There are 2 protein chains.
Amino acid sequence: MNDSHEDRLARVALGRLGEPGDPRVSNLVSELGATRLYDHLAQQRDEGGLLDEVAARLATLDPEADLDRAARQGIRFVIPGDDEWPSQLDELDYCEALQDRAGAPLGLWARGPVRLNEVGNSIAVVGSRSATSYGADVAGELSARVVEKKVSVISGAAFGIDQAAHRGALAAGGGTIAVLACGVDRAYPAAHADLLRYIGEHGVVVSELAPGCAPTRLRFLARNRIIAGLARGSVVVEAAVRSGALNTANWTGRLNRFLMGVPGPVTSAPSAGVHQLIRTGAATLVTQAGEVLEVIGASGEALFEMPKAPEKARDRLSTRDAQVLDAVPVSKPAQADSIARTAGVGLVGARRSLDNLSGMGLVEVSQHGWRLSAVGRA
Amino acid sequence: MNDSHEDRLARVALGRLGEPGDPRVSNLVSELGATRLYDHLAQQRDEGGLLDEVAARLATLDPEADLDRAARQGIRFVIPGDDEWPSQLDELDYCEALQDRAGAPLGLWARGPVRLNEVGNSIAVVGSRSATSYGADVAGELSARVVEKKVSVISGAAFGIDQAAHRGALAAGGGTIAVLACGVDRAYPAAHADLLRYIGEHGVVVSELAPGCAPTRLRFLARNRIIAGLARGSVVVEAAVRSGALNTANWTGRLNRFLMGVPGPVTSAPSAGVHQLIRTGAATLVTQAGEVLEVIGASGEALFEMPKAPEKARDRLSTRDAQVLDAVPVSKPAQADSIARTAGVGLVGARRSLDNLSGMGLVEVSQHGWRLSAVGRA
């Protein structure tokens with residue numbers, strides 16, 4: 001048995017002993033290494049008060065069997081040091097705890113063809129489970145557009161925004177990563193069994209929880225740090241004032257990753273949490289994929305052009321013509337001499353300009369004089 | 001004839017000679033004073049190349065008659081030095097030109113009972129003429145809520161957002177100020193004749209243009225600086241990427257006043273300009289009147305409380321109960337001993353907590369074990 005395999009077994013075992021994101025475990029692993037920590041505990045040697053709590057679970061462990069069973073289900077366990085390890089997760093070790101969760105995961109159980117070390121160029125798209133159709137449409141569209149630029153979409157496979165994000169990415173033929181709060185062999189929510197199967201065939205489903213583990217509230221909180229930790233930036237699309245998505249947003253901020261929010265109607269409760277993030281400066285407002293790519297600096301080509309209105313005839317006028325046009329009344333017609341006075345130009349010049357402007361359809365003349373046309377008013 | 005009356009006449013006359021916001025005129029007025037500048041021009045003495053342009057208009061001036069005629073229409077001309085002068089406008093003199101408009105107005109023609117020196121505590125609510133019903137609703141509601149806190153609402157009496165803002169303020173019985181790009185005796189747009197009459201009876205209609213003057217594009221641009229200059233801050237509710245409201249926003253920024261924007265669906269073109277202002281950091285996102293009052297610091301009482309979700313039963317749990325609750329599965333039930341292991345607590349303590357949680361309706365038990373209730377999952 002080589003060191004790496006021993007390390008892997010220890011990490012499987014420690015994962016079974018503690019709850020994900022237990023800061024005591026990750027601190028001890030940083031200090032002693034996984035193998036030594038597991039050895040100590042297996043020898044009933046207490047470490048940081050951990051032994052008491054894990055004693056009951058210690059007896060039931062068989063990490064080798066866990067790995068074998070997982071392998072037969074097409075599930076691999078990726079740990080630090082593996083080629084496939086997504087090293088951006090290591091930053092979680094330097095990140096303050098949130099709701100008593102902290103630290104990089106001991107390892108990630110993964111099912112699916114996408115390799116975890118290849119998801120560095122990725123964004124998380126998260127939001128409310130009770131999304132509106134507006135929110136779901138925007139999340140799906142945004143996800144489809146970013147995967148076209150080879151950026152992967154990470155989410156949590158929940159109802160609402162998560163689902164829309166995964167589906168948008170898959171529809172555009174791009175990679176998508178579902179991070180679960182239960183084993184990757186389980187479908188939670190059950191209604192997403194097909195979606196999770198499809199992601200397992202075309203993207204990758206990951207979890208720090210061993211196969212078979214059930215979701216708990218604590219595990220959802222721990223899971224959110226993995227979503228934030230894998231992604232270069234997170235986009236929140238609809239989140240009520242008290243929403244799990246804001247927990248992911250919080251992790252994103254702690255990790256100094258890019259936090260973005262999609263606004264919505266101020267009359268829509270599912271947008272209130274996002275508006276708060278933008279208002280307080282925690283998140284940057286984004287309205288489309290181009291802006292997201294610009295924020296995360298995905299690539300030089302992503303530099304986003306500010307939307308411009310189509311150029312108007314007015315933009316191409318000579319200074320004199322523009323000056324005269326500005327003096328033409330909007331509604332009640334005026335004679336050329338009055339327009340000339342208003343514009344501060346001579347009468348001959350004004351008449352010439354009015355003819356030019358009329359030719360461009362910007363002004364119209366009647367027996368009462370000149371005024372702007374519908375085009376000129378636009 | 002006293003100095004003040006002479007100054008008033010000179011300002012009426014100069015207003016007739018140049019276009020509003022002509023930076024040459026306001027510079028010369030700052031340098032020479034209005035009376036002297038007008039005298040020089042009347043004596044055909046050129047000042048800054050102005051004479052050539054204004055010669056045609058000089059012949060037609062009769063400022064005394066202008067004032068008399070205005071007074072008979074219930075219109076007053078308020079100038080710097082008057083008690084009623086809104087001195088916040090003087091800051092326009094220190095503000096860089098925008099689209100070749102600049103400077104404080106020579107004076108303001110006003111019609112209506114609200115005194116201009118009393119509109120310091122005010123916001124401008126501006127936006128698209130082609131507003132959506134969402135935008136109009138939000139503008140009206142916002143305006144009604146701020147006037148309840150004795151903050152006046154300034155706008156431009158145009159279709160769309162302007163109209164909704166004035167109406168919201170009037171409906172709540174508050175002061176509202178319409179700043180026009182034509183004489184205050186005119187109704188532009190004509191469809192707003194009733195609205196403008198009503199504002200003239202309960203608020204105030206103002207313009208730097210003399211009665212009778214027609215609106216031109218240039219005058220709209222000049223007008224926007226007055227709206228921004230009167231208000232403590234401006235709120236943009238819906239503005240397409242190329243909208244006049246963004247011109248007012250620009251002035252607000254130049255004046256270092258508070259610029260705010262109300263977001264909307266990213267799929268709505270009339271919100272795109274507002275989103276751009278927020279995204280670039282030019283404007284603060286606001287969603288309701290309380291936030292607007294907080295931004296402009298209207299009064300101590302305006303300090304806005306962050307919206308919070310209602311407190312949940314979960315928030316009042318003991319640490320132990322919370323720990324156990326976090327270990328209860330969301331869907332597939334688990335036995336008490338498994339929950340105790342997950343939670344890292346003893347079996348006896350876990351059973352006691354489960355009973356407590358069950359009493360609070362957070363968990364439910366069946367023959368298969370414990371899981372979260374609908375309330376616990378919420």
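How many other C-beta atoms lie within 10 Å of B:Gln99, and is this residue buried, exposed or partly exposed? In this predicted model, B:Gln99 has 15 other C-beta atoms within 10 Å and is therefore partly exposed, since that label falls between the 20 or more of a buried residue and the 12 or fewer of an exposed one.

## Backbone features in the loops

B:Gln99 belongs to the loop between strand E1 (76-78) and strand E2 (108-111) of chain B, and its phi is positive, about 50 degrees, although this residue is not a glycine. With 10 other C-beta atoms within 10 Å, B:Asn256 is exposed.

There are also cis peptide bonds to look for in the loops. In chain A, the bond from A:Tyr188 to A:Pro189 is cis, with omega near -5 degrees, and A:Pro189 sits in the loop between E5 and helix H8 (193-202) of chain A. In chain B, the bond from B:Tyr188 to B:Pro189 is cis, with omega near -5 degrees, and B:Pro189 is in the loop between E5 and H8 of chain B.

## An enclosed helix in chain B

Helix H7 of chain B covers residues 161-171, and because ten of its eleven residues are buried, this helix is largely enclosed by the rest of the structure. The buried residues of H7(B) are B:Ile161, B:Asp162, B:Gln163, B:Ala164, B:Ala165, B:His166, B:Arg167, B:Gly168, B:Ala169 and B:Leu170.

After H7(B) comes B:Gly173, whose phi is positive, near 75 degrees.

## A covered strand in chain A

Strand E6 of chain A, residues 204-207, is covered on both faces, for A:Val204 and A:Val206 on one side are buried, and so are A:Val205 and A:Ser207 on the other. E6(A) pairs with strand E2 (residues 108-111) of chain A in the antiparallel sense over three bridges, and within this strand A:Ser207 is the bridge partner of A:Trp109. E6(A) also runs parallel to strand E5 (residues 176-179) of chain A, to which three bridges join it, and here A:Val204 is the bridge partner of A:Ile177.

## Helices that cross

In chain A, the axes of helix H14 (residues 336-343) and helix H15 (residues 347-359) come within 9 Å and cross at roughly 105 degrees, which means that H14(A) is roughly perpendicular to H15(A). On the H14(A) side the contact is made by A:Ala336, A:Asp337, A:Ile339, A:Ala340 and A:Ala343, and on the H15(A) side by A:Leu347, A:Ala350, A:Arg351 and A:Leu354. Sorted by class, this contact of H14(A) with H15(A) has seven nonpolar and two charged residues, and no polar ones.

In chain B, helix H1 (residues 3-17) packs against helix H5 (residues 63-72) at an angle of about 95 degrees, with the axes 8 Å apart, so H1(B) is roughly perpendicular to H5(B). Here B:Leu9, B:Val12 and B:Ala13 of H1(B) meet B:Pro63, B:Glu64, B:Asp66 and B:Leu67 of H5(B), and by class this contact has five nonpolar, no polar and two charged residues.

## Domains and chains in contact

Chain A is divided into domain 1 (1-65), domain 2 (73-302) and domain 3 (313-377). The C-alpha centres of domain 1 and domain 2 of chain A lie 28 Å apart, and 16 residues of domain 1 are in contact with 20 residues of domain 2. On the domain 1 side, the elements that give two or more residues are helix H1 (3-17) and helix H2 (23-32) of chain A, and the largest share, eight residues, comes from H1(A).

The contact between the two chains takes 45 residues from chain B and 44 residues from chain A. On the side of chain B, H11(B) gives the most, with five residues, and the residues of that side divide into 25 nonpolar, ten polar and ten charged.

Terms used:
Residues numbered from 1 in each chain as written. Chains lettered and ligands numbered in written order. Predicted model: local features only at pLDDT ≥ 70, side-chain atom pairs only at ≥ 80, totals over all residues. Helix = DSSP H or I, 4+ residues; strand = E, 2+ residues; numbered from the N terminus. Axes fitted to C-alpha atoms, helices over the stretch in contact; angles between N-to-C directions. Parallel < 35°, antiparallel > 145°, perpendicular 65-115°, else oblique. Contact = placed C-beta atoms within 7 Å. Nonpolar A, V, L, I, M, F, W, Y, C, P; charged D, E, K, R; others polar. Domains from an automatic or database assignment. Pairing = 2+ DSSP bridges.
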